[in-house]
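Dear colleague,

Please find below the structure that I am handing over to you.

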Amino acid sequence: KYSSVDDVAVVDDMVADDNWVMQQKMDGTRAIVRITERSIDFYGANGHPLKHTAAMQHFDTIRASLDFLREETMGGHLTLDGELMIRTGEYRVFDFVAPALNQQTRYSLLTPYLAPAGSAVSVVAQWESSADKRTMLTRLYDEGVEGVVFKRRDGLYLHGIRSNEVVKYKFIQTADVVVLSSSRSRNEAGREVGAF
């Protein structure tokens, strides 16, 4: 889980600090993929099997792309963390679940492990220098993406725990809402008005 920040001064500090790296925040369905010798299974951020119908249509393609990793498990398992992009079916991996390793080490393992995966699976780019972070922050903002995520290089992977070592900064603020009721009436000028 991410901590959130909306203070631009804090963001500027993380951009300038070489202890923080930055990635684009993906706007898909969170998918944790657990690979064993026998199966490749999909889980949500809550640890339960992923049952998002729009995401499930892409499972077979992603399984086929990651099948080569089943031999790498050596009787154990490998677990990837990323976003499944519903429109394209691409699995964008941003982390390797290895709680004993720091972020820098985990990220350095992703590209070599996933190189043979093909186009259905890719590693989310990471920017490390202050200049690259500043350039990409501006470019991503101008492109209208959801936001960015900052991660401490020495940070550990803490599943299900809000951590100050992973911080999201959203450019676009959204809310999921449920309409509970509506009303219609007339205002003092006699015009019809409504409320939800």
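I begin with Ile 32, which lies in strand E3. Helices (H or I, at least four residues) and strands (E, at least two) are DSSP runs, numbered from the N terminus. Please note that this is a predicted model, in which local features need pLDDT of at least 70 and side-chain atom pairs count only at pLDDT 80 or more, while totals for chains, interfaces and linings use all residues. Residues are numbered from 1 along each chain as its sequence is written, and side-chain values use heavy atoms, with hydrogens and water left out.

Ile 32 has a relative accessible area of 8% and is therefore buried (under 20% relative accessible area; exposed is over 50% and partly exposed in between, with a 1.4 Å probe and protein chains only). Leaving aside residues up to four places away in sequence, Ile 32 touches several residues, among them Phe 42, Tyr 43, Leu 80, Tyr 91, Tyr 157 and His 159; contact means heavy atoms within 4.5 Å. Between Ile 32 and Asp 132 there are 28 Å from C-alpha to C-alpha, and the two are 100 residues apart in sequence.

Thr 36 is found in the loop between strand E3 (29–35) and E4. Its relative accessible area is 16%, so Thr 36 is buried. With residues up to four places away in sequence not counted, Thr 36 touches Arg 70, Thr 73, Gly 76 and His 77.

Aromatic rings

There are four aromatic pairs in the structure. Rings of Phe, Tyr and Trp (its six-membered ring) pair if their centres lie within 6.5 Å; planes under 30 degrees apart count as stacked, over 60 as edge-to-face and the rest as tilted. Phe 42 and Phe 59 are stacked, at 3.8 Å centre to centre and 0° between the planes. Because Phe 42 belongs to strand E4 (residues 40–43) and Phe 59 to helix H3 (residues 59–66), this pair ties together parts that are 17 residues apart in sequence. Phe 42 is buried at a relative accessible area of 4%, and Phe 59 counts as buried at 8%.

The ring centres of Phe 96 and Tyr 113 are 5.6 Å apart with planes at 25°, so this pair is stacked. It links distant parts of the chain, with Phe 96 in strand E6 (residues 91–96) and Tyr 113 in helix H4 (residues 103–114), 17 residues apart. Phe 96 counts as buried at 8% relative accessibility, whereas Tyr 113, at 28%, counts as partly exposed. Ring pairs also join Tyr 141, Tyr 169 and Phe 171 into a cluster.

The second largest pocket

The second largest pocket has a volume of about 230 Å³. On a 1 Å grid over the protein atoms alone, a pocket is an open set of points where a 1.4 Å probe fits, with protein on both sides within 12 Å along at least five of seven lines; lining residues have an atom within 4 Å of a point. The volume is the space filled by probe spheres set on the points, which are joined across faces, edges and corners. Of the 13 lining residues, Asp 27, Gly 28, Met 85, Ile 86 and Arg 87 are the closest to the centre of this pocket.

The whole protein

The protein has five helices and twelve strands. Buried residues make up 40% of its 196 residues.

Yours sincerely
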